[in-house]
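Please look through the structure below with the sequence at hand.

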Amino acid sequence: MNNQLKLSVLDLVPRLGESSFEEALQQAVTLAQHAEAWGYGRYWAAEHHDLEHLSCASPEILLSHIGARTTRIRLGSGAVLLPHYSPLKVAENFRMLAALYPGRIDLGIGRAPGGSAHTSMALSGNFLGHVADLPQRIRSLTELLEDRYRYEDVPVAAKPVPAAQPVMWMLGTNTKGAGYASEFGMGYVFGQFMSDADGAEILRSYREGFQPSAHLQDPRAMVAVSVVCAKTQEEAEKLAADIPQPGQRTVAADPKEGRFEADAHYTPCNKTTVALDQNLDSVPKEQAGVHGADAPRSIGRRDTTPAGDGYAQGEPGEETRGPQVASDGSTSAGPSKRLIVGTPASVRSRLQEMSEQYGCDEFLIVTPVSDYQARLESYRLLMEQE
């Protein structure tokens, strides 16, 4: 592997084929163990709620389990959806992890709902109101991890207090998330695999606006990309062709279920819901108190999956067609236009180009294939020298 590039794993913990939730979670452990053996730097688990084909609603519990079954690889959340939770509880959870697995814990946070409108309301009530308060929640979380938080002028501490603190990252797909990362002195992860935004410009704005913090003195960025790697270009294209596209709803028994399952990633979204998540900060705070019977009309229908920072999945208005693989190994149709498909050499070459484009040498790799073994093989080939 090119020594200038650092690679890590982002896992949505999918149920593939006829697998159960239990099997999907065991596959997450297997992926993390192999990733550690192959030299990946991090294993991050995403958070989603009430989605039929995704298995991780609680990254911190899964990371604790995986931490006991690995020895070196860094473990992180991609991401804890902070609008849903008390900053104190988040700080306690990740300080607990940091005490159990010293020097190995990343705390990635995001601002997406992570599920449907009704699920979000059941989880934390007034989601819009919580998003409006997100800057204060981030500030509180930062203060808790720096042992300087006060509630009504009374000191409150997040225990235990580990020797090595969890490292904070903000995940995002637009300038808003990058702005939070800059303001609060966090690392930033740009979700290129689900964004049409100008990533180079977003990362430039993050670096230029970065304010040093107790946790991080200089800006630090990663880019999350979607990769399918196989021994030959033909094999890689065949795997990519099986990834579900927008509008292509499948059932659990269908083998053509990608790692971003149809119900969770490639299902069409209600445009109101997507607009809500991508434009959360344009909602006046006095309108953020919508709840009860009016909430579904305000924040989307039950059968939608919001998209945006976090990473919750879905893109509206994309065409339903298979990925078209370009000569450079990337694809060009719908969400899959962001998919990098090819041999180990061609994928590494493309990542090197992206590294130069973004000014970033670290990538989180998502592999949305429809088979667990093929997923492992893709990760192995990408890291191992042929």
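A residue is called buried under 20% relative accessible area, exposed over 50%, and partly exposed in between, with a 1.4 Å probe and protein chains only. This is a predicted model, in which local features need pLDDT of at least 70 and side-chain atom pairs count only at pLDDT 80 or more, while totals for chains, interfaces and linings use all residues. Residues are numbered from 1 along each chain as its sequence is written, and side-chain values use heavy atoms, with hydrogens and water left out.

The protein chain has 386 residues, of which 58% count as buried. Its accessible surface, computed by the Shrake-Rupley method with a 1.4 Å probe, is about 15000 Å², and carbon and sulfur atoms account for 49% of that. The chain contains 13 helices and 12 strands; these are DSSP runs numbered from the N terminus, helices being H or I of at least four residues and strands E of at least two. A contact means heavy atoms within 4.5 Å. Of the contacts between residues at least 6 apart in sequence, 76% join residues at least 24 apart.

Two strands pair if DSSP finds at least two bridges between them. Strand β1 (residues 6-11) runs parallel to β2 and is joined to β2 by three bridges; Asp11 has Ala45 as its bridge partner. Strand β3 (residues 74-77) also pairs with β2 in the parallel sense, over four bridges, and there Trp44 is partnered by Gly76.

Helices connect these strands. A crossover is right-handed if, with the strands pointing away from the viewer, the path from the first strand over the helix to the second runs clockwise. β1, helix α1 (residues 21-38) and β2 form a right-handed β-α-β unit, and β2, helix α2 (residues 59-67) and β3 form a right-handed β-α-β unit as well.

Further along, Ser120 sits in helix α4 (residues 117-124). Ser120 is buried at a relative accessible area of 4%. Leaving aside residues up to four places away in sequence, Ser120 touches His84, Pro113, Gly115 and Gly125.

Salt bridges come next, each being a side-chain nitrogen of Lys or Arg within 4 Å of a carboxyl oxygen of Asp or Glu. The structure holds 18 of these salt bridges. In one of them, the closest N and O atoms of Lys6 and Asp361 are 2.8 Å apart. Lys6 lies in strand β1 and Asp361 in the loop between α12 (344-358) and β12 (362-366), so the pair ties together parts 355 residues apart in sequence. Lys6 is partly exposed at 40% relative accessibility, and Asp361 is partly exposed at 31%.

Arg15 and Glu52 meet in a salt bridge of 3.0 Å, N to O. Arg15 is in the loop between β1 and α1 and Glu52 in the loop between β2 and α2, 37 residues apart. Arg15 is buried at 10% relative accessibility, whereas Glu52 is partly exposed at 43%.

Within helix α8 (residues 199-209), Arg204 and Glu208 lie four residues apart, about one turn of the helix. Their closest N and O atoms are 2.4 Å apart in a salt bridge. Finally, a network of salt bridges links Arg42, Arg74, Asp106, Arg220 and Glu362.
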